[in-house]
Amino acid sequence: MVKLLTVIGHGVNLLPHFIEHYQKHVDEINIAVYETELHPNLTEEINQVIKNYEKVNVVITVQERVFDWEKVTQLYNFVKSKNPNDWWVIADIDEFHLYPDKLSKLISNC
């Protein structure tokens, strides 16, 4: 299975575009929400955006101090560790990777 993982700590404006871009390439999209005092209702905002998309889920929400990049790395590693045999695409919501085909087709050749 090919899964996408992103950590979102602010702003959801690009999230619909992000989902539309990646849903044809991956089997599911996982979102880790990094709420801070600057964005205390971020999970609610994200849930409003993703409610009409299948296979897009908030998998964890944490409340932390602003800009703790070590915690962000820990979140990525924690979520990925739950399914270590899956293939993972890691991207911020402002990163749009380009692939010539669905990733599951590409990795079947590995």
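Author: In this predicted model, the buried residues of helix H1 are Leu 15, Phe 18, Ile 19, His 21 and Tyr 22. Around the axis they cover an arc of only 165°, so they are on the same side of H1.

What do the buried residues of H1 pack against? Their partners are S1, S2, H2, S3 and strand S4, which spans 87–90.

The axes of H1 and H2 come within 10 Å and cross at roughly 45°. Angles of 65 to 115 degrees would count as roughly perpendicular and those under 35 as roughly parallel, so H1 is oblique to H2. The crossing in which H1 passes H2 is right-handed. From H1, the contact is made by Leu 15, Pro 16 and Ile 19; from H2, by Ile 46, Val 49 and Ile 50.

H2 itself comprises residues 42–50, and its buried residues are Leu 42, Thr 43, Ile 46, Val 49 and Ile 50. Seen down the axis of H2, they fall within an arc of 125°, so they line one face of the helix. Glu 44 and Gln 48, on the other side of H2, are exposed. The cover over the buried residues of H2 includes strand S1 (2–8), helix H1 (15–22), strand S2 (28–35) and strand S3 (56–63).

Leu 15 deserves a separate look. Leaving out residues up to four places away in sequence, Leu 15 touches Ile 8, Ile 31, Ile 46, Val 49, Ile 50 and Ile 93. Leu 15 is also one of the residues with the most contacts inside the largest nonpolar core, along with Phe 18, Ile 29, Ile 31 and Ile 46. That core has 23 residues, and the elements giving two or more residues to it are S1, H1, S2, H2 and helix H4 (103–107). Another core lies apart from it and has 10 residues, among them Val 7, Ala 32, Tyr 34 and Val 79.

Technical notes. Residues are numbered from 1 along each chain as its sequence is written. This is a predicted model: local features need pLDDT of at least 70, side-chain atom pairs count only at pLDDT 80 or more; totals for chains, interfaces and linings use all residues. Side-chain values use heavy atoms; hydrogens and water are left out. Buried means under 20% relative accessible area, exposed over 50%, partly exposed in between (1.4 Å probe, protein chains only). Helices (H or I, at least four residues) and strands (E, at least two) are DSSP runs, numbered from the N terminus. The arc is that of the directions from the helix axis to the C-beta atoms. Contact means heavy atoms within 4.5 Å. A nonpolar core is a set of buried Ala, Val, Leu, Ile, Met, Phe, Trp, Tyr and Cys residues joined through side-chain atoms within 4.5 Å. Axes are lines fitted to C-alpha atoms, for helices over the stretch in contact, and angles run from 0 to 180 degrees between N-to-C directions. Angles under 35 degrees count as roughly parallel, over 145 as roughly antiparallel, 65 to 115 as roughly perpendicular and the rest as oblique. A crossing is left-handed if the near helix is turned anticlockwise from the far one by less than a right angle, and right-handed if clockwise.
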